[in-house]
Amino acid sequence: MGSGSEGKYQDKAGYFPTVPLPPPLSLPGALLLASRLIPPLSLGLLAALIVGALVFYGYARQADDRIGAEQRIALRTGVEKLTLLHGGDSDVKPVSLRLLEELSGVKNLKWEAGPEPQQNGRDIQPILDGNGRILGWLSWNAGRPMTQAAGLFMPLWIAISFGLLGLGALSSWYIRRLLGELAESEAGARKLSREDPLTGLPNAGSILEVLEQTLATREPDEFVTCCYLDLTGFRQLSDSFGRLWANDLVRASAARLIDPPWPGATLGVLGRHRFIFVLRAKSRDAGLLLAQEMAKRISVPLTIQGQSVQLDTNIGNSYAPRDGLTSDELFRHATLAWRAAKRAGRGNIVAFESSMDADLYERRFIERELKQALDDDALELHYQPIVTAEGSRIIGVEALLRWTHPVRGNIPPMTFVPVAEQTGMMARLGEFVLYRALNDAKRWPDLFVAINLSPIQVKDRALFILVSSMLAETGIEPSRVVLEITESVLIDDPEETRKRLEELRGLGVRIALDDFGSGYSSLKYLQHLPFDKLKIDSGFVAPLGRSANSGVIIQAIVALGRALDLSVLVEGVETEEQRVLLRLAGCDEMQGFLFAKPAPREAIDQLLLDAKLQAARSAQAAAVRAS
């Protein structure tokens, strides 16, 4: 019984079906409804007011007529009483009139004998004798108070009526004006929702719709190209010259991309300095020609607010039907191709390849696992000794990051460091390396420690604060710290790099240019940037003994270092022959498998201990020989 009673009132049982509520009325709909209702409502209200006024006036007249009739009855009654009082005397004296006024309540009575007098705005009442003959006439002011009051209010009533009518008309006009302005605003909002406000080009949503529509209407013998490009170096230029200047740069670049227009191509904006072309053509090669033409247009120098600047671009292309038949697939593959072009440097055009999907999966795996490794403190540093040119004494170590994955095993830095740079983990990774290396360096007070800096770290304005705080926390002498940077850091913004390096050098640390000769070597950088050491790339060491050119190049680099008062370190030394040749060339320091492989700190402890024991035995043997 109880369960049945409960079910009766449950909505899910169907006793009380949910009634759907009407959708809420939008503001434009409410305004439109109001504009349509106000005129008939205003006219209806005006008609109601007029009818009300007429009815009120009619009631006022009826009330006055009723008062007049009551006055006449009162007068007849008063006259009858006076007649009885005076015994039928028909002569009406003033005293009798006053008494009659008191008896009837009618004021300003006047008696007239003879023929019927003119009314002249007064009411007239005949006085008859007992035989029905008219003895005379009583007249009094014909006051009609209710009608007069209605007459006084009537103009105000009419004014209110027409005022309300005018207010309704004004309200209706104003609402229609608001509707017009709202329609214009909505049209502007729709335009903004589909256009990039800076360039007037289709925005990301619109250009992807164009891509989808182009794919949907593609003929079997047609190709659709999704061409993704950027303005390389734009962020650095924006930081240097300001946002307004950068806006002008984007507008000028966009104008170049669309003028002259490319047949069959539509340009849209993906971000502030990233663009996408959608091209329909009979040949897939048309997509490559489009990319080459756009790269050429971007590379032409521009003058913005008196400042000359030359840009380049990285471009990623994907093609339908080869790389996908949906807008999502084509756009994603173009993005992957663009990222591959960006990783390769500047000014590259890359077409999507199926292997890029696997690369994306690999990068996502590395990103996820590297973050976990940082959280779990699963990374470690190995150290490779740096020796004097004679090879007999260890003077320093280079800190090298190592990651042993629980499933994959050893993952080299060249695999995970680029992922860290691209995913924003480089600051955390660099802080780990710096902190661990400086703490480990306290174990070896007679050695310097060389620490590699990523280009991302060098560009970070917080690097100076990080290094200074780490030096203070660990108590390491700054002169024992060598920070190594690669030549690629110097290209994007040499002046900003110079400021960063001078700040670091001001702390007392030394700066080394790593892998010299492998990238964008320039004497201008060496002359103007605050370096203390050149580190010759191992690529020049391997051919020694087989190629005369390598030895000549190394001698030239050493001579350059001497001229600039820089010490020279060479890495990748693996044979005794290489060591001898490098020593003859004038190198100051060496590093390589010939001397020691990178090893954990405990192994370096043992290596130093062995070196001390060997030095002690050598000294003892020399003393014995001398004696």
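Student: I've got this model open and I'm looking at Lys 282. Is that residue buried or exposed?

Tutor: Lys 282 is exposed, because its relative accessible area is 54% and the cut-off for exposed is over 50%. Keep in mind that this is a predicted model.

Student: Okay. Which residue does Lys 282 form a salt bridge with?

Tutor: Start with the general idea: side chains of opposite charge can pair when their charged atoms come close. Here, the partner of Lys 282 is Asp 221, and their closest N and O atoms are 3.1 Å apart. Lys 282 sits in the loop between β6 and α8 (285–299), while Asp 221 belongs to the loop between α5 (204–216) and β4 (223–230), so the pair ties together parts that are 61 residues apart in sequence. As for Asp 221, its relative accessibility is 44%, so it counts as partly exposed.

Student: You mentioned β6. Which strand does β6 pair with, and in what sense?

Tutor: β6 (residues 274–281) pairs with β5 (residues 265–269) in the antiparallel sense, over 5 bridges. The two make a hairpin, with 4 residues between them. If you want a spot to look at, find Gly 268, which stands opposite Ile 276 in β6.

Student: Back to charges, then. How many salt bridges does the structure hold?

Tutor: There are 24 salt bridges in the structure. One of them joins the side chains of Arg 498 and Glu 502, at 2.9 Å from N to O.

Student: Where are Arg 498 and Glu 502 in helix α16?

Tutor: Helix α16 covers residues 494–506, and the two are 4 residues apart in it, so about one helical turn separates them. Arg 498 is partly exposed at 21% relative accessibility, and Glu 502 is partly exposed too, at 38%.

Student: And what about Arg 562: which side chain does it meet in a salt bridge?

Tutor: That would be Asp 588, with 3.1 Å from N to O. Arg 562 is in helix α18 (residues 548–563), whereas Asp 588 is in the loop between α19 (576–585) and β19 (589–591), so this pair ties together parts 26 residues apart in sequence. Arg 562 has 43% relative accessibility and counts as partly exposed; Asp 588, at 28%, counts as partly exposed as well.

Student: Last one: which residues are linked with Lys 535 in a network of salt bridges?

Tutor: Look for Glu 398, Glu 484 and Glu 571, which are linked with Lys 535 in that network.

Terms used: Residues numbered from 1 in each chain as written. Predicted model: local features only at pLDDT ≥ 70, side-chain atom pairs only at ≥ 80, totals over all residues. Heavy atoms only, no water. Pairing = 2+ DSSP bridges. Salt bridge = Lys/Arg side-chain N within 4 Å of Asp/Glu carboxyl O. Buried < 20%, exposed > 50% of the residue type's maximum accessible area, 1.4 Å probe, protein only.
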